[in-house]
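Here are my notebook entries from an afternoon of looking things up in one model. Have the picture open while you read along.

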Amino acid sequence: QYQPGSFATWVEAEVKAYEKAHPRTRLPFVLADVSPASFKPWYCAAVPNAHEKGEHVLLFFGRDRVDPDVKSTKKEAKFTKSFAKKVLDSKNAEKEAEGFAFLRFDVGDDAHAGYAEVLGVEEIPTLLLWSPGQAEPTNLGRKISAYALAAAMKKAKAPPNEVK
């Protein structure tokens, strides 16, 4: 016997659970590929590739994978989801997205955690802004607001003032 009503109810509940666990954001973050390199312990080729194109890079370090034996990982995962919903889903930041590459890192993965350590990330979630020509990224932190993120993105894209 076929009962489409109960199936539709089940699908709707599954979609809501998935959305709650993996919030969508207006900023198109892509899970980065991190690999060992000869000159650094961990390396993400997407960053220099974006800089060669003249793009600024926004790096989001969060946690999706949770170790059931470690309570701090649950807290980090919960804060990552909250941060994504409140800050990364900003309409103002979406307006400033042109000229940016968006990379997401899950510190539950050993390679991503190693890259976070190379960049000096101490708190999860953390947002870093790396502009072309900068030796190191600027740490925007984990307490940045959606409005402040949009302002930082706009400032990064602004041409430097010419002195007359």
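How many salt bridges does a search of the whole structure find? I counted a salt bridge where a side-chain nitrogen of Lys or Arg is within 4 Å of a carboxyl oxygen of Asp or Glu. The search gave me three.

**Before going on: what I am looking at**

This is a predicted model, so I note that local features need pLDDT of at least 70 and side-chain atom pairs count only at pLDDT 80 or more, while totals for chains, interfaces and linings use all residues. Residues are numbered from 1 along each chain as its sequence is written, and side-chain values use heavy atoms, with hydrogens and water left out.

**Entry 1: the layout**

I found six helices and five strands in the protein; these are DSSP runs numbered from the N terminus, with helices being H or I of at least four residues and strands E of at least two. Along the sequence I read the pattern α-β-α-β-α-α-β-α-β-β-α. The protein has 164 residues, and 36% of them count as buried. For that word I used under 20% relative accessible area, with exposed being over 50% and partly exposed in between (1.4 Å probe, protein chains only).

**Entry 2: the sheet**

Next I traced an open sheet of five strands with mixed pairing, in the order β1-β3-β2-β4-β5. Two strands pair if DSSP finds at least two bridges between them. The edge strands are β1 and β5 (138-141), and each pairs on one side only. I looked at β1 and strand β3 (residues 100-106): they pair in the parallel sense over two bridges. L31 has R104 in β3 as its bridge partner.

**Entry 3: the salt bridges**

R104 turned up again here, in a salt bridge with D64 whose closest N and O atoms are 3.0 Å apart. D64 is in the loop between β2 and α3 and R104 in strand β3, 40 residues apart. R104 is buried at 17% relative accessible area, whereas D64 is partly exposed at 39%.

Then I checked E76 and R63, where the closest N and O atoms are 2.6 Å apart. E76 is in helix α3 (residues 71-86) and R63 in the loop between β2 and α3, 13 residues apart. R63 counts as buried, at 13% relative accessibility.

E96 and K157 form a salt bridge too, at 3.3 Å between the closest N and O atoms. E96 lies in the loop between α4 (91-95) and β3, and K157 in helix α6 (residues 146-157), so this pair ties together parts 61 residues apart in sequence. I have E96 down as buried at 17% and K157 as partly exposed at 32%.

**Entry 4: the rings**

How many aromatic pairs are there? I counted eight. Rings of Phe, Tyr and Trp (its six-membered ring) pair if their centres lie within 6.5 Å; planes under 30 degrees apart are stacked, over 60 edge-to-face, and the rest tilted. F29 and F60 have ring centres 5.8 Å apart and planes at 55°, so I noted the pair as tilted. F29 lies in the loop between α1 (4-21) and β1 (30-31) and F60 in strand β2 (residues 56-62), so the pair ties together parts 31 residues apart in sequence. F29 is buried at 17% relative accessibility, and F60 is buried at 1%.

F61 and Y115 are tilted as well, 6.4 Å centre to centre with 35° between the planes. F61 lies in strand β2 and Y115 in helix α5 (residues 110-118), so that pair ties together parts 54 residues apart.
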